[in-house]
Amino acid sequence: MKYSLITGGSRGIGRAICLKLSEMGYPVIINYAANKDAAMETKRLVEENGGTAEFMPFDVGSMEEVNNALNDWVEKHPDDYIAVLVNNAGIRKDNLMFWMSDDEWHNVLDTSLNGAFYTTRALVKYMMNKKFGRVINIVSISGVNGMAGQTNYAAAKAGVIGMTKALALEAAKKQVTVNAVAPGFIETDMTKDLNQDELKKIVPANRFGKAEEVADLVGFLASEKAGYVTGQVVAISGGL
């Protein structure tokens, strides 16, 4: 059985991706760090739509927690493997660089960059052995263009973009694709503190995107139809 793992899958874009991959027939593994109630709601929605879901709580920024959780799952599923990995977990701690604390810098990089490395390293070998896999990294337009007040977030996402391109070259011969999705302004909990009325003026589409629109793009990249697409960064930003 081919499973899918979505880090930060309890809400927002992660929840929408869980629902999309479930619709495609994948049993989904919902990773979360602390918000169990939100993860339970995601599981309920997946099952309500006829899918199957299970929890895998761990802090993606902790190598020990990642390895323990994934090794335990592999031991319990000797005939299965995680064929689709969506590295979605990420946090924002915005600040101007000259005011940014060490914790604001390291916490963002630990979650977004190191977390993507730890989870991918643990799972890509199984995908390559099975000669099918999909690694999809959720990055950001901030990691492509930069954004004032987000030197930590932009650096983390730019690092994941570099990792995406390099790993795609390593894994392509084994039919494992590695791509990144770069959302612009999307209506989620992470953007609820932003002034949408002002920011949408700089978006050519004149609106924020929907989490479901990001999930549809992830669904395509996870499908067999996207087997010749690898090493790419696909923006979904309304033209921003």
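**Cavity lining and helix packing in the predicted model**

The residues that line the largest cavity divide into five nonpolar, seven polar and one charged, where Ala, Val, Leu, Ile, Met, Phe, Trp, Tyr, Cys and Pro count as nonpolar, Asp, Glu, Lys and Arg as charged, and the others, Gly among them, as polar. The structure is a predicted model, in which local features need pLDDT of at least 70 and side-chain atom pairs count only at pLDDT 80 or more, while totals for chains, interfaces and linings use all residues. Residues are numbered from 1 along each chain as its sequence is written, and side-chain values use heavy atoms, with hydrogens and water left out.

A search of the whole structure finds one cavity of 30 Å³ or more, a cavity being a set of points on a 1 Å grid over the protein atoms alone where a 1.4 Å probe fits but cannot get out, with lining residues having an atom within 4 Å of a point. The largest cavity has a volume of about 60 Å³, and of the 13 residues that line it, Asn87, Ala89, Thr111, Ser112 and Ala116 are the closest to its centre. Helix 4 gives the most to this lining, with five residues.

The axes of helix 3 (residues 63-76) and helix 4 (residues 102-130) come within 9 Å and cross at roughly 25°, which makes helix 3 roughly parallel to helix 4, a term for angles under 35 degrees; helices are DSSP runs (H or I, at least four residues) numbered from the N terminus. The contact (heavy atoms within 4.5 Å) involves residues of helix 3 including Met63 and Leu70, and residues of helix 4 including Tyr118 and Tyr126.

Technical notes. Axes are lines fitted to C-alpha atoms, for helices over the stretch in contact, and angles run from 0 to 180 degrees between N-to-C directions. Helices (H or I, at least four residues) and strands (E, at least two) are DSSP runs, numbered from the N terminus. Angles under 35 degrees count as roughly parallel, over 145 as roughly antiparallel, 65 to 115 as roughly perpendicular and the rest as oblique. On a 1 Å grid over the protein atoms alone, a cavity is a set of points where a 1.4 Å probe fits but cannot get out, and a pocket is an open set with protein on both sides within 12 Å along at least five of seven lines; lining residues have an atom within 4 Å of a point. Grid points are joined across faces, edges and corners, and a volume is the space filled by probe spheres set on the points.
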